[in-house]
Amino acid sequence: MVKGGARMLDFETSAGNIYAWDDDTGFIIPFSATMKAVMHEAFGQEKMSKDDVIKKLKENYSEDQIAFCYDWINKWDMIRPKDHKCLFNQDISATSIKRFLLRDGLSQLILGVTEKCNFRCNYCVYSDNYEHARMHSDISMSSAIARRCIDYYITLFKEGKRYNPLRKPAIGFYGGEPLLNFDLIEDCVDYITNNYKEHNIRYYITTNGSLLDRKRADWLMEHDFGISISLDGPEEEHNRNRVYINGKGTFNRVMKNVSKIMEEGYKNIDSMPVFDWKSDLFKLDEFFNREDVPPVSRVAPVSRNAGSKYYQQFTREDYDSFQKQIRCARDHYFRNISAQREAERPSFFHRLFGDSMEGTFLGIKSLYHPHPMMPVTNSCILGTKLFIDVNGYFHACEKINYDYSFGNVDDGVNFERIRKIMSDYISHMDKCSSCKASRRCSNCYLMFMNTGGFSLSSEVCKEMENEVRAELSGLITIAEKNQWVVDGADPNSKNIRKYYGD
């Protein structure tokens with residue numbers, strides 16, 4: 001019954017309306033005093049009849065509202081999972097992991113072609129600010145390792161065709177700064193063209209942009225690369241963190257190179273800005289609306305991975321000031337939502353606020369259950385994408401702690417190693433089964449990985465529920481003022497909202 005098993009996070013909007021996030025279904029429901037009272041009284045260990053509930057509560061609440069809430073909760077209870085804890089008791093096997101990855105994984109092979117970098121960004125995950133990550137080095141990947149990686153990836157991909165015939169292979173290039181090993185990138189594409197042309201492989205590169213001269217840019221465009229630029233905003237904002245080894249700012253060089261690509265009208269290019277508590281969000285939004293700047297594909301705060309010391313430089317005043325700025329920026333975005341939605345490309349603010357809004361009301365966080373092999377946090381099934389370091393070892397992604405490798409180019413993916421890592425990880429997520437915001441969790445392995453082991457979620461996620469409560473309060477406050485947010489993408493669509501009680 002609802003009372004015994006519900007994981008519900010209640011929150012209040014600025015208008016004083018009470019709602020609850022139901023973590024078992026991903027629904028947001030009005031949580032009036034009547035609704036709360038009926039839920040508390042009617043759905044305990046033994047379900048009470050509607051008439052009995054009305055008799056018990058009618059002195060304090062309207063009989064019609066009691067009856068309405070009873071019927072609504074009764075229907076809602078039918079679709080809720082009755083025992084979410086069973087998800088934590090699934091038997092994970094190496095065979096089931098391999099089958100899943102062949103069917104739903106292999107989304108991208110990412111080659112870490114070099115650990116060299118001509119930048120020394122203050123927030124870089126490979127810097128002194130991150131205790132458990134590798135450091136920069138002079139090591140680069142060899143052609144032999146890269147080719148064996150490509151061969152193995154295509155072999156897995158062919159095997160997975162019988163599970164997922166419509167999937168397309170993708171290969172990304174990462175660093176360090178990958179353009180420092182541009183010869184290898186050219187070699188990889190030539191090798192694929194000569195051996196695997198029939199697979200129509202998509203190519204991606206993440207670059208700081210400083211080495212994107214005419215020759216390299218033309219070659220990337222000729223081969224239809226998806227080009228992601230690490231660009232943090234206007235000169236003052238960008239140069240605050242993204243500097244050369246000698247400490248000088250990098251903005252002018254990056255913009256000179258990027259502007260030439262934009263002038264060509266190349267569409268397969270985007271920006272991936274990162275911000276922290278000192279960022280001026282309004283300047284960032286203004287900058288990324290410029291026509292000579294690649295559109296924003298993703299916005300992210302500086303990482304707070306396990307062992308991160310980056311945020312130790314900020315004060316409580318910095319944090320409070322930034323939170324005030326976030327609220328002002330969110331209000332500005334929604335006051336101008338019509339113009340934002342009609343724009344040809346997404347703004348910085350849309351990526352920062354709009355994507356979260358759409359994920360809440362129109363996304364997949366509702367009406368789905370976590371994958372039984374990974375019922376906790378926002379972590380993937382290891383191997384969903386494959387990152388290969390310069391020495392040919394497999395990792396879950398480019399930012400992950402190298403202590404958790406699960407194979408190499410000589411021996412292939414070790415699915416039993418993946419099983420052990422995932423089982424160990426899940427066993428440390430002691431808070432998740434009772435967390436009222438687990439479905440909205442944004443944490444992944446990175447937040448818990450120490451050298452050689454995982455931290456407990458009860459230690460890492462102390463503020464998760466409060467953070468989600470504040471986020472939902474802000475989003476639903478906006479939805480109350482903008483009905484179309486709930487009704488769908490069309491602001492003129494029919495009102496489908498129902499009356500849920502006082």
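This is a predicted model: local features need pLDDT of at least 70, side-chain atom pairs count only at pLDDT 80 or more; totals for chains, interfaces and linings use all residues.
A residue counts as buried when its relative accessible area is under 20%.

Cys149 has a relative accessible area of 2%, so it is buried. How many disulfides does the structure hold? The structure holds zero. A disulfide would need two cysteine sulfur atoms within 2.5 Å. For Cys149, the closest cysteine sulfur belongs to Cys188 and lies 8.6 Å away, which is too far for a bond. Cys432 is likewise in no disulfide, and the nearest cysteine sulfur, that of Cys461, is 6.1 Å away. Cys432 is buried too, because its relative accessibility is 9%.

Next comes an arginine. Where is Arg440 placed? Arg440 belongs to the loop that runs between helix H15 (415-427) and strand S15 (449-450). Is Arg440 buried or exposed? Its relative accessibility is 7%, so Arg440 counts as buried. The side chain of Arg440 makes a polar contact of 3.2 Å with the side chain of Glu471.

| Residue | Relative accessibility |
|---|---|
| Cys149 | 2% |
| Cys432 | 9% |
| Arg440 | 7% |

Just after H5, Leu106 adopts a positive phi of about 55°.

Conventions. Residues are numbered from 1 along each chain as its sequence is written. Side-chain values use heavy atoms; hydrogens and water are left out. Buried means under 20% relative accessible area, exposed over 50%, partly exposed in between (1.4 Å probe, protein chains only). Helices (H or I, at least four residues) and strands (E, at least two) are DSSP runs, numbered from the N terminus. A polar contact is a pair of N or O atoms within 3.5 Å; within protein, one must be able to donate a hydrogen and the other to accept it, and residues adjacent in sequence count only if both atoms are side-chain atoms.
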